[in-house]
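Keep the structure open as you read.

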Amino acid sequence: MATIEECRSALEKFSDNLAGAEGDAREAAALNRSLSCHITDLDVTFVGRLEDGRIQVLDTLQGPPREKAQIRLAMTGDDLVAMVDGDLHFAKAWGSGRVKLEAGLRDLFRLRKLL
């Protein structure tokens, strides 16, 4: 089972990947939205912002998100690490219910270019 530190590191690596994206992916990463990522097996939530093509983690909270972020993710820590490392494809994980993504319709269309 991935640790909180490994999950935070995976989010930082994902942020670095977003910052280096080009074309459609870069455009999709340019959103300015509140973000939460609930790690279900650790029952911890990273909250922050997707801003200027980077993810900024502002806080780590125990339990599910307390406020409704504009982009909400939920998954196990192992799935987060596997996706960022390229061992798990987001679409497959989302389609099977291993990863949950909630956002407004316009954001979902933009985010699909990233994921």
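Begin at Cys37, whose bridge partner in S4 is Leu73. This is a predicted model. S1 and S4 run parallel to each other, paired over five bridges. Strands in a sheet are held together through backbone hydrogen bonds, in a parallel or antiparallel sense.

Now widen the view to the whole sheet. Five strands form an open sheet in the order S3-S2-S1-S4-S5, and the pairing is mixed. S3 and S5 stand at the edges with a single partner strand each, so one side of each has no neighbour in the sheet. From one strand to the next, the twist averages 20°.

Next come the helices that pack on this sheet. H1 touches S1, S2 (44-51) and S3. The direction of H1 makes about 160° with that of S3. H3 also packs on the sheet, touching S1 and S4. The direction of H3 makes about 110° with that of S4.

Which residues of H3 are buried? They are Gly77, Asp79, Leu80, Ala82, Met83 and Val84. Their cover includes H1, S1 (33-39), S4 (71-75) and H4. After H3 comes Gly86, with a positive phi near 85°.

Asp79 meets Arg98 in a salt bridge, 2.5 Å from N to O. Arg98 sits in the loop between H4 (90-95) and S5 (100-103), while Asp79 belongs to H3 (residues 77-85), so the pair ties together parts that are 19 residues apart in sequence. Asp79 is buried because its relative accessible area, 8%, falls under the 20% cut-off. Arg98, at 43%, counts as partly exposed.

How many salt bridges are there by this rule? The count comes to six. Side chains of opposite charge can pair when their charged atoms come close.

Another of these bridges joins Arg54 to Asp16, with the closest N and O atoms 2.6 Å apart. Arg54 lies in S3 (residues 54-62) and Asp16 in H1 (residues 4-19), so this pair links parts that are 38 residues apart in sequence. Arg54 is partly exposed, at 34% relative accessibility. Asp16 is partly exposed too, at 44%.

A further bridge joins the side chains of Glu51 and Arg49, at 3.3 Å from N to O. Glu51 has 26% relative accessibility and counts as partly exposed. Arg49 is partly exposed as well, with a relative accessible area of 25%.

How values were computed. Residues are numbered from 1 along each chain as its sequence is written. This is a predicted model: local features need pLDDT of at least 70, side-chain atom pairs count only at pLDDT 80 or more; totals for chains, interfaces and linings use all residues. Side-chain values use heavy atoms; hydrogens and water are left out. A salt bridge is a side-chain nitrogen of Lys or Arg within 4 Å of a carboxyl oxygen of Asp or Glu. Helices (H or I, at least four residues) and strands (E, at least two) are DSSP runs, numbered from the N terminus. Buried means under 20% relative accessible area, exposed over 50%, partly exposed in between (1.4 Å probe, protein chains only). Contact means heavy atoms within 4.5 Å. Two strands pair if DSSP finds at least two bridges between them. Axes are lines fitted to C-alpha atoms, for helices over the stretch in contact, and angles run from 0 to 180 degrees between N-to-C directions.
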